[in-house]
Amino acid sequence: MSVPEPNTDRPTQQEAEQAVRTLLRWAGDDPTREGLLDTPARVARAYTDFFSGYAIDPANLLRRTFSEVDGYDEIVLLRDIRFESHCEHHLAPIIGRAHVAYLPRQRVVGISKLARVVDAYARRLQIQERMTAQIANTINDELEPHGVAVIIESAHECMTTRGVHKPGVSMVTSTMLGVFRNNSDTRRELMAMLNRPAVSDY
């Protein structure tokens, strides 16, 4: 799971800003009016942030691992990783939470790295199904654990602010690999952990 090859045909900042002006005109407004003069530059800067994941190799985030775990061989679960992404079909926001679990074989990774892997894939144009699989496959390939589970819950603005206009709807996807797919007891243990109170409730 490597970072995509750089796009040698990537437009310049000026070309990106001109494209925004074109869209503003197409929407029916005047990009030369005072309130919109700086909008093209702001949008270009926002895109740099929104899609910063293209510049990150998610697999590289998992290369530094730790083996001194005193024989720990139970599930590692990071719950409620908030993320922001964008739908590749309408460029509308996807706001959600990811739950990432793995059952270590010999090595563990710093938990912040799991959150960074989620962000590296989220900050690209996405569909949720692919993003779920990408996160799980990268962790599986790099850590070689007994199993990986990724569950994502999110709201898609492309169906809440346009189209069918259905607010309050959440989409849930999951990818289960290794023991989480093949062993029902391990899968049930994971689901029980997900249903426990939040840390702030203890």
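H156 is found in strand β6, where strands are DSSP runs of E with at least two residues and helices are runs of H or I with at least four, both numbered from the N terminus. The model is a predicted one, in which local features need pLDDT of at least 70 and side-chain atom pairs count only at pLDDT 80 or more, while totals for chains, interfaces and linings use all residues. Residues are numbered from 1 along each chain as its sequence is written, and side-chain values use heavy atoms, leaving out hydrogens and water.

H156 counts as buried because its relative accessibility is 10%; buried means under 20% relative accessible area, exposed over 50%, and partly exposed in between, with a 1.4 Å probe and protein chains only. Its side chain makes a polar contact of 2.8 Å with the side chain of Q128. Such a contact is a pair of N or O atoms within 3.5 Å; within protein, one must be able to donate a hydrogen and the other to accept it, and residues adjacent in sequence count only if both atoms are side-chain atoms. Not counting residues up to four places away in sequence, H156 touches P93, I94, Q128 and M171, contact meaning heavy atoms within 4.5 Å.

Strand β6 (residues 147-156) also pairs with β7, in the antiparallel sense and over eight bridges. Along this pairing, E153 stands opposite V172 in β7. Strands are taken as paired if DSSP finds at least two bridges between them.

Next comes the nonpolar interior. A nonpolar core is a set of buried Ala, Val, Leu, Ile, Met, Phe, Trp, Tyr and Cys residues joined through side-chain atoms within 4.5 Å. The largest such core has 30 residues, of which Y102, I135 and I139 touch the most other members. At least two residues each come from β2 (76-87), β3 (93-103), β4 (108-109), α3 (111-122), α4 (128-143) and β6. Helix α3 gives the most, with six residues. Leaving aside neighbours within four places in sequence, I139 is in contact with L62, V100, Y102, L114, E144, P145 and V148. Another core, of ten residues, lies apart from the largest one and includes I75, A101, F180 and M193.
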